[in-house]
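Good morning, and thank you for coming.

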Amino acid sequence: AVKAKIAPSMLSSDFANLATEAERMLLCGADWLHMDIMVIYLFSFEKFRLFVLFGDLRIRPPWHFVPNLTIGAPVIESLRKHTKAYLDCHLMVTNPLDYVEALAKAGASGFTFHIEVSKDNWRELIQSIKTKGMRPGVSLKPGTPIEEVYALVEDENPVEMVLIMTVEPGFGGQKFMPEMMDKVRALRKKYPSLDIEVDGGLGPSTIEMATSAGANCIVAGSSIFGAAEPAKVIAILRESVDK
Ligand code: DX5
Ligand code: ZN
């Protein structure tokens, strides 16, 4: 069976005490630390000119992938000096390829990009993530059909994890979307040993839905950080995957 990976989302931690918060989560039994990376779209006149002149689909207008800002490579680099933990980086950015090198240098372990912004260059992305020594994953928003990631799992140079969003990306503390479990079930049926991660609204009251559908990597922010005893919540999540 696939191994349980419990990944507290550091988005719900006290960012001003990130190293201490990370250490606390590891002591509570966390396997991974989930790092939500949201940045301002890097935009230049040259990119805009190419977009207008040639309709180059790799050049995107200056919208943000999510309506929020969190952390980038400098914070990952700082945290890496304090911990050896697996840093499971979730890139909610329009142009993930631009961050591969910086995040690898900073010490990221996993690099999960979104399919919605990588339809034209996912092969190149997977390759560069692996070349830089990180583990590639692909994520989909609630509105994106699961079929869109099959090619990435079946490629000769495949992603090693699929992250199914169970809320609209952007913020912690939102309500779990049970409808997304159809995607998890479909994926688990096709790929018995794939790492399938779920992210958004997970906690003791929703975990059964996710694990019975086949999820084994569990991201949880507010349910862990908001608990009086985070170790207990982590243990409950793990037991649900393992049983
Ligand atoms: C949302 C992030 C999640 C978020 C989950 O955009 O990808 O990782 O922190 O937080 P909870 O568990 O509170 O829904
Ligand atoms: Zn996330």
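**The surroundings of the ligand**

The shell around ligand 1 is made up of 7 nonpolar, 13 polar and 2 charged residues. In this classification, Ala, Val, Leu, Ile, Met, Phe, Trp, Tyr, Cys and Pro count as nonpolar, Asp, Glu, Lys and Arg as charged, and the others, Gly among them, as polar. Before going on, I must say that this is a predicted model, in which local features need a pLDDT of at least 70, side-chain atom pairs count only at pLDDT 80 or more, and totals for chains, interfaces and linings use all residues. Residues are numbered from 1 along each chain as its sequence is written, while chains are lettered from A and ligands numbered from 1 in the order in which they are written.

Which residues come nearest to the ligand? Of the 22 residues around ligand 1, they are Ser9, Leu11, Gly172, Gly221 and Ser222. Here a residue is near a molecule if its C-beta atom, placed from the backbone, lies within 6 Å of it. Three elements each supply at least two residues of this shell: β2 (32-38), β8 (217-220) and α9 (222-225). Helices (H or I, at least four residues) and strands (E, at least two) are DSSP runs, numbered from the N terminus.

**Confidence and overall form**

How confident is the predictor? The mean pLDDT of the protein is 94, and 95% of its residues reach 70 or more; pLDDT is the predictor's confidence in each residue, from 0 to 100. For the complex, the predictor gives an ipTM of 0.99 and a pTM of 0.94.

The protein contains 10 helices and 8 strands. Its radius of gyration is 17 Å, which agrees with the value near 18 Å that a compact globule of 243 residues would have. That radius is taken over C-alpha atoms, and the globule rule is 2.2 Å times the number of residues to the power 0.38. Along the principal axes, the C-alpha atoms fill a box of roughly 55 × 40 × 30 Å.

Buried residues make up 42% of the 243 residues. A residue is buried if 20 or more other C-beta atoms lie within 10 Å of its own, exposed if 12 or fewer, and partly exposed in between, with C-beta atoms placed from the backbone. Among contacts with a separation of 6 or more, 69% join residues 24 or more positions apart; two residues are in contact if their C-beta atoms, placed from the backbone, lie within 7 Å.

**Positions marked in the record**

An unreviewed UniProt entry lists His34, Asp36, His90 and Asp199 under "binding site". These span 166 residues in sequence, yet no two of their C-alpha atoms are more than 10.5 Å apart, so they gather at one spot. UniProt positions are given in the numbering used here, feature names are shortened, and annotations may be inferred rather than shown by experiment.

Under "active site", the unreviewed entry lists Asp36 and Asp199. Is Asp36 buried or exposed? Asp36 counts as buried, because 24 C-beta neighbours lie inside 10 Å. Asp36 belongs to strand β2. Asp199 sits in strand β7 (residues 195-199) and is likewise buried, with 27 other C-beta atoms within 10 Å.

His90 lies in strand β3 (residues 86-92). Leaving aside neighbours within four places in sequence, His90 is in contact with several residues, including His34, Asp36 and Asp199.

A further "binding site" list in the unreviewed UniProt entry includes Ser9, His90, Phe171 and Ser222. Phe171 is placed in the loop between β6 (161-165) and α7 (181-190), and is partly exposed, with 17 other C-beta atoms within 10 Å. Ser222 is found in helix α9 and is partly exposed, with 17 other C-beta atoms within 10 Å. Beyond its neighbours within four places in sequence, Ser222 is in contact with Ser12, Gly172 and Gly173.
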